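Dear colleague,

I am passing on the structure below, together with some notes on its aromatic side chains. Please have it open while you read.

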Amino acid sequence: MSDFKDLLTKRRSHYAIGANTDVTASDVTAALNEVIPTVPSAFNSQGVRVVVVSGEKNQQLWDLIKGVQTEVLDAGTLNYMTPIMDGAREAVGTILFFEDRDAVEAGIPGNPERRSVYKNHESANAQLTAWLALTELGLGANLQHFNIGYEQGFDAAIRELLDLPEAWELVAEMPFGSIEAPAAEKEVIAVEEQVILK
């Protein structure tokens, strides 16, 4: 339990990340191969799809994302997010989290609202699992939600860039790399407000 707690404590949002590490995208993929199959999903639907992007493809990915966000973000938000996007472009790579809409539709009974809740829970589980795997490898990462919006077609260009199936819906991006600066101080509310025994 202590090792797990240590990982949870070390896992932080690192926005200043780079490529100054011997850990490769292949190493990250190998680690994900071990842990992603363990992620729980409603009715064992297994709708999570994870893509590791590195090298030139990672640069193309973030050029695409930045191009779109430059058009849609207000000046203040764009000014804040630009260093994060630029850092992601120069990092070792990015983990992209998708949900296979076909797998969700076929694997989760019930109405669309329930499917949406369940698939979001599964994706969140996968994101934390991947983040802890990166932490164990000594890498920094952060979680972003750019170009999200399957129904509106916002993620279509990313699927096209990476030659991915039409049914895959982009949920989040997790750029990863060497930790170039400490994470910001984190304020935490009293645990008694979060965990209650009755």
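Predicted model: local features only at pLDDT ≥ 70, side-chain atom pairs only at ≥ 80, totals over all residues.

Residues are numbered from 1 along each chain as its sequence is written, and side-chain values use heavy atoms, with hydrogens and water left out.

The structure holds three aromatic pairs (rings of Phe, Tyr and Trp, the last by its six-membered ring, pair if their centres lie within 6.5 Å; planes under 30 degrees apart count as stacked, over 60 as edge-to-face and the rest as tilted). One of them is the tilted pair of phenylalanine 43 and tyrosine 118, at 6.2 Å centre to centre and with 55° between the planes. Phenylalanine 43 is exposed, with a relative accessible area of 54%, whereas tyrosine 118 is partly exposed at 23% (buried means under 20% relative accessible area, exposed over 50%, partly exposed in between, with a 1.4 Å probe and protein chains only).

Another pair, edge-to-face, is formed by tryptophan 62 and phenylalanine 146, with 5.9 Å centre to centre and 90° between the planes. Tryptophan 62 counts as buried at 1% relative accessibility, and phenylalanine 146 is also buried, at 6%.

Finally, arginine 11 lies over the face of tryptophan 131, at 4.3 Å from the ring centre (a charge sits over a ring if NZ of Lys or CZ of Arg is within 6 Å of the ring centre and within 35 degrees of the ring normal).
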